[in-house]
Amino acid sequence: MKTAHDLISAGWLRGKRVLVRSDLNVPLDAAGAITDDGRVRASVPTITALTEAGARVIVCAHLGRPKGVPEAKYSLAPVARRLQELLGAPVVFATDTVGPLARSAVAGLADGQVALLENLRFNPGETSKDNTERGAFADELASLAEVFVSDGFGVVHRKQASVYDVAQRMPHAMGGLVQTEVEVLKKLTESVARPYVVVLGGAKVSDKLGVIANLLHTADRLLIGGGMAFTFLAAQGYEVGKSLLEVDQIDVVKGYLDQAAERGVEIILPTDVVAATEFSADAEHGVVDAHSIPADRIGLDIGPASAAAFAAKLSDARTVFWNGPMGAFEMAPYAAGTLVVAQALVDITSKGALTVIGGGDSAAAVRQLGFADNQFGHISTGGGASLEYLEGKVLPGLTVLEG
Ligand code: ADP
Ligand code: MG
């Protein structure tokens with residue numbers, strides 16, 4: 001498989017129009033300001049390497065989930081401004097994706113200059129399930145450039161026009177960010193340094209349960225916190241009050257608990273929980289026993305004893321993958337569990353362990369709690385993509401690059 005780096009070393013890119021699929025899907029606040037620019041920052045090294053090689057760089061990306069038509073609140077315009085600041089060079093923003101304005105923006109590029117196309121998902125072809133419709137949109141994208149560089153790790157698990165179909169239509173290469181992410185994931189799946197501890201939490205419980213089947217074959221310990229913990233506690237027969245619970249997954253979880261016991265994989269659940277009367281920072285809240293959560297309470301964080309136990313189970317780890325915050329960290333009363341786990345990762349990182357954080361909210365959490373990215377081994381830009389990789393699934397955006 002070719003990498004962007006190979007093309008650069010070959011000196012082949014000067015004057016070439018290079019279409020780069022980046023992941024610029026950043027969170028915005030109600031006023032449209034970027035609240036975490038991690039993904040824009042992560043996309044900069046590949047773009048810079050290409051411009052320094054003399055390429056005319058055409059960046060394409062999506063933001064949010066518009067339904068195939070333009071919607072002002074999903075415009076990439078604020079991202080174009082941020083990208084320009086981070087690159088320290090002008091970014092020409094094309095207010096359409098493949099139409100006349102995009103073509104004229106591309107035509108106006110000199111060697112080493114950058115254009116950003118408007119949100120890919122303003123076009124129904126981008127995410128269409130219909131191969132012909134997706135292909136037609138990919139044809140239009142491909143017509144803008146001579147080479148395609150796939151660097152949007154957060155979308156490589158998607159069979160979408162700008163990820164999958166476009167690579168079938170033109171010479172292509174893997175960007176440096178995707179390369180780095182895949183190298184890290186290989187360290188979590190091939191020749192893993194042990195103990196290998198996986199911390200799972202967050203709110204997207206059913207999306208994340210699937211990975212556990214595979215982790216039972218690779219990990220030594222699973223620490224389960226966040227909203228995910230309650231389906232496990234329920235599977236053990238405990239009442240979880242009004243906490244997040246996926247009733248239809250209880251049997252699946254029971255199966256995991258049995259398999260873990262057979263294989264000698266430790267599954268560690270919270271023994272205490274910060275429980276509140278409602279999902280709010282001002283609600284009455286306190287620490288309760290995880291095995292007797294009052295019927296009218298919602299568990300919103302792991303309790304202090306659980307956080308200490310999780311930290312102890314992390315202290316000798318040599319490899320850690322963490323996906324999903326331990327609590328509703330956005331609200332100060334429920335942030336302590338996430339803080340303790342983050343600190344435990346920082347401590348073992350400084351002692352040489354490989355620590356990997358996946359998941360948009362998990363990454364936002366550690367930044368919000370005041371940690372710097374370089375205190376961890378790697379902060380992934382693609383939570384869903386990393387999970388699918390660890391689950392052993394085929395990632396269309398990676399396999400297409402092999403062809
Ligand atoms: P990530 O983006 O890291 O993959 P998720 O999207 O699955 O993580 O979940 C993040 C969200 O989970 C956060 O917004 C957080 O508030 C929420 N969360 C964590 N613990 C709980 C809980 N006990 N109950 C409800 N929500 C929770
Ligand atoms: Mg999330």
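Which residue of strand 13 is the bridge partner of Tyr-196? In this predicted model, local features need pLDDT of at least 70 and side-chain atom pairs count only at pLDDT 80 or more, while totals for chains, interfaces and linings use all residues. Residues are numbered from 1 along each chain as its sequence is written, chains are lettered from A and ligands numbered from 1 in the order in which they are written, and side-chain values use heavy atoms, with hydrogens and water left out.

The bridge partner of Tyr-196 in strand 13 is Thr-319. Strand 7 (residues 196-200) and strand 13 (residues 319-323) are parallel and paired over 5 bridges; pairing requires at least two DSSP bridges between two strands. Helices (H or I, at least four residues) and strands (E, at least two) are DSSP runs, numbered from the N terminus.

Strand 7 also runs parallel to strand 8 (residues 221-224), with 4 bridges between them. Here Leu-200 has Ile-224 as its bridge partner. Helix 8 (residues 205-218) lies on the path from strand 7 to strand 8 in a right-handed β-α-β crossover, that is, clockwise from the first strand over the helix to the second with the strands pointing away from the viewer.

Leu-222 has contacts (heavy atoms within 4.5 Å) with residues including Val-198, Ile-212 and Val-265, leaving aside residues up to four places away in sequence.
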